Structures are given as C-alpha cells and as structure tokens.
Amino acid sequence: MKHFLTISTLTRAEIQNLMERAFYFKQNGLQLPCYRDHSLALLFYENSTRTRISFELAAKKLSILNVNLDLRQSSENKGEVMQDTINNLAAMGIQLLVIRHSEDNILIKLAEESLPPVRIINAGDGMHEHPSQAILDMMTILEHKSDVSSLKIAVVGDLRHSRVVNSFQHICAKLDVKDLVLVAPSVWQPSHKYYGRVTASLEEGLEAADVVMSLRVQRERFSIEESLDLRTYRRDYAITANRLSTAKKDVMVLHPGPVNRNVEIDDDVVDGPCSRILTQVQNGVFARMAILEAVIQSLN
Ligand code: CP
C-alpha cells in the first residue's frame, strides 16, 4: 500500500490485515513497534475531533515524529498553494501526510501528480471517502459479530452528502456483508451506489437488523434543493429506542460522529446499552496505527 486514499482499491486481504493488526495493537498496548525514524504531518483543511486526534495519538504510540500544521496560521493564508505546502514539508523531511480536505478526490489527484517522496493518508475528502473510518467501523462490528457474511446492516441518514457511507459500501462489498440496506428520504439517497440496496423505508431497514449505523445530518453541505425540514426528518427517520425494537435483540448501534443528538438519533440510544459509538472512537486509534504502519512499511 503506497498511499491510503480509498477503500475501493484495497484488496480483501489488505483490509483483513489492517483489522488484524489493529486488533493486535488493541490487545498488546505495551508491546508496540517503534518508528522513530519516520515523520508525519497532519493537515486538516476541515474541522475534526476524532480523526485528527486519533491519527495524532496513533503516531505518538508508534513513536512517529509528528507535527500538526495549524492551517489558520499557515502560509496558505498568504497565498501559498497546497502543493507548495507539501513540497516544503517534504523538504523538511516529512514522509507521511494525513490530510482532510473539503474537495472530493483532491488527494487522489495529488497522489497522481508529481509529488515529492511523501505518502498521503486520506482523513476524509469532501463527499468522496473516509477510508480510515470504514476500517474502524468494520473493526467494531467484527469485535461483536464475528461473521459479517451473515449480517443485515442498516445505514440511516443523510447518505447523499456522506463520505462515510461511500467507504462503508466498499468495505461491505469487499467483505461480502449479507445485506446492506441504505435508508434515506429520497432527497438524501446516495449519489453513488456501490453495494447494497437503497430504500426510503426505515421500517424495512430496521427490521431484524444486526447493526444500525446512524449518520449525521450534514447541514453545512446542503444545496437549497437538497435541504429537508429537520422536524420532518426527525419524525420519519430518527433512531429512537421504540423504533429499534424491531431490530434484533442484540442490535449494535453505531455513529461515526459528530452526533446531532435528538436530530438523527435520540440521547437514550446514543447513551444506551446497544450503543458502540465510543468503542468506534476507541478503535479509531488502533485502526489508524495499523494504517500508518502499513504505509510506513511500503516506504522501506
Ligand atoms: N468521524 C469523524 O470523522 O469525526 P471527526 O469529524 O470529528 O474527525
């Protein structure tokens, strides 16, 4: 794996190796490899809590020298272009760049262009992909449900603007998830369907589901024709304890965060016994350690 840009080009074996390594890191916190000869910069052109901090923690746990470029104070505010930022970081010896950006596919384009000898790790690009999220999501599912090929998984929410659902569709395809149901009102149904079936019926999605993933209503990405009254959305699609009663008894509830509490999902579900939302966050550190290590190994 040269760069880590998308789930779509990974093989099933590569995905399984990343998850196995992430589980190893989770279980062997005191026996960690040391990559102190390697250096990494975090460039977040969009806001983040979970992804940025977990990549930073992952780098620190693996002894990777890491710096966080505060883009509010970077020279891009004086007109420098992103390519020159990268060239300059590479000139200082940075080898790994963890980048989040609002533009779809920008990291793939960067990787295809003549980059200095740096490796790019996608921390979320626009509405395209969030591949490290898919690894930690699937890791969390596998931790509690061993055979994904027998599972019904419902993903519910604003799927049209979601990079999470794109990467998740790809990982479900690679691992042969039995039944992936993508649930959204028509205005928010996914622009790209790679795997699974799409429905506007929440009942159809939740019935006998093993896993329910709620996704955030991404108000910041709506065009006028794509917006929907939030009270109407909540009435018809919010994940509530009552609605979850038609899912399997041991249903697992996920949400990549940030959560709009009491919009797409109720407080008592977020904080309830079926929720594995904070386990996702915990697993994010281990998944990102595995990703950083895989990219470093391709440098050697
Ligand atoms: N899940 C996720 O990407 O969260 P952040 O935006 O906080 O990184």
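Student: How many helices and strands does the chain have?
Tutor: The model is predicted: local features need pLDDT of at least 70, side-chain atom pairs count only at pLDDT 80 or more, and totals for chains, interfaces and linings use all residues. Residues are numbered from 1 along each chain as its sequence is written, and side-chain values use heavy atoms, leaving out hydrogens and water. By DSSP runs (helices H or I, at least four residues; strands E, at least two; numbered from the N terminus), the chain has 11 helices and 9 strands.

Student: What is the radius of gyration of the chain?
Tutor: The globule rule (2.2 Å times the number of residues to the power 0.38, with the radius taken over C-alpha atoms) gives 19 Å for 300 residues. The chain comes close to that, so it is as compact as a globular protein of that length. Its radius of gyration is 19 Å.

Student: What share of the residues is buried?
Tutor: Buried means under 20% relative accessible area, exposed over 50%, and partly exposed in between (1.4 Å probe, protein chains only). Of the 300 residues in the chain, the buried share is 55%.

Student: Are H2 and H11 parallel or oblique to each other?
Tutor: Helix H2 (residues 50-61) and helix H11 (residues 277-299) pack at about 55°, with axes 8 Å apart. Angles under 35 degrees count as roughly parallel, over 145 as roughly antiparallel, 65 to 115 as roughly perpendicular, and the rest as oblique. Therefore H2 and H11 are oblique.

Student: Which residues of H11 meet H2?
Tutor: H2 brings Arg 50, Thr 51, Ser 54, Phe 55, Leu 57, Ala 58, Ala 59 and Lys 61. Their partners in H11 are Val 281, Gly 284, Val 285, Arg 288, Met 289 and Leu 292.

Student: What does Leu 180 touch?
Tutor: Leu 180 lies in strand S6 (residues 179-183). It is buried, with a relative accessible area of 1%. Not counting residues up to four places away in sequence, its contacts are Ile 153, Val 155, Phe 168, Gln 169, Cys 172, Tyr 195, Gly 196 and Arg 197.

Student: What is phi of Asn 105?
Tutor: Most residues other than glycine have a negative phi. Asn 105 lies in the loop between strand S3 (96-101) and helix H4 (106-112) and is partly exposed at 29%. Its phi is positive, near 65°.

Student: What is omega of the peptide bond from Gly 257 to Pro 258?
Tutor: Most peptide bonds are trans. Pro 258 is in the loop between strand S9 (252-254) and helix H10 (267-270). The bond from Gly 257 to Pro 258 is cis, with omega near -10°.

Technical notes:
Axes are lines fitted to C-alpha atoms, for helices over the stretch in contact, and angles run from 0 to 180 degrees between N-to-C directions. Contact means heavy atoms within 4.5 Å.
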